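Dear colleague,

I am passing on the structure below, followed by some notes on what turned up in it. Please read the notes with the coordinates open beside you.

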Amino acid sequence: FYKESNPIIQFIIRATLSRANTLIVTSPSWINKIRKIVNHNDIHAISTGYDSEIFKPRPQQDARFALSIPPNANVITSIGSLTKDKGHEYLISAAKDVIEREANNDLRIYIIGEGPLRTSLSKLIDSPQLKSVIFLVGGRTPSQVAEWINASNLIVHPSIYDANPTV
């Protein structure tokens with residue numbers, strides 16, 4: 001990113017980085033990249049949460065069996081806090097449109113997460129048409145989230161704003 005920036009942007013980046021007492025980056029690989037820009041000794045990496053021992057491929061049917069998901073379902077999963085910025089209400093609205101057009105699609109939508117909009121999202125789902133299709137799963141551990149990802153046909157991130165999307 002730095003080399004491709006114009007000289008004014010490069011100056012601003014160098015000035016900002018050199019004035020910081022401590023730099024925190026999201027991956028160890030950024031430490032050497034930053035050191036190529038400025039000589040800074042106090043740089044720390046704090047991982048964004050990806051663990052390749054947890055988030056690894058597993059046969060979809062095994063994951064579905066473990067989660068009691070029908071083997072032939074069309075599974076969409078959304079993972080994120082139940083807040084306005086995450087846009088889950090738009091996913092629910094879009095699902096309603098799909099269900100109205102495609103009556104026998106064996107669609108299942110699982111929303112993983114907790115937050116202040118749980119009650120209002122539950123009310124949006126509270127209809128015979130949606131109750132058998134959309135499920136608020138609640139918060140899950142990283143290992144459980146990995147299982148849901150493996151069980152899915154599609155992961156949807158309907159966020160309307162996310163400063164650092166990490167799924």
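Lysine 84 is exposed, with 53% relative accessible area (exposed means over 50%, buried under 20% and partly exposed in between, with a 1.4 Å probe and protein chains only). Its side chain meets that of glutamate 89 in a salt bridge of 3.8 Å, N to O (a side-chain nitrogen of Lys or Arg within 4 Å of a carboxyl oxygen of Asp or Glu), and glutamate 89 counts as buried at 17%.

This is a predicted model, in which local features need pLDDT of at least 70 and side-chain atom pairs count only at pLDDT 80 or more, whereas totals for chains, interfaces and linings use all residues. Residues are numbered from 1 along each chain as its sequence is written, and side-chain values use heavy atoms, with hydrogens and water left out.

The whole structure holds five salt bridges. Among them, glutamate 147 pairs with arginine 58, the closest N and O atoms being 2.2 Å apart. Glutamate 147 lies in helix H7 and arginine 58 in the loop between strand S2 (43–45) and helix H3 (60–67), so the pair ties together parts 89 residues apart in sequence (helices are DSSP runs of H or I of at least four residues, strands runs of E of at least two, numbered from the N terminus). Glutamate 147 is buried at 17% relative accessibility, while arginine 58 is partly exposed at 35%.

Best regards
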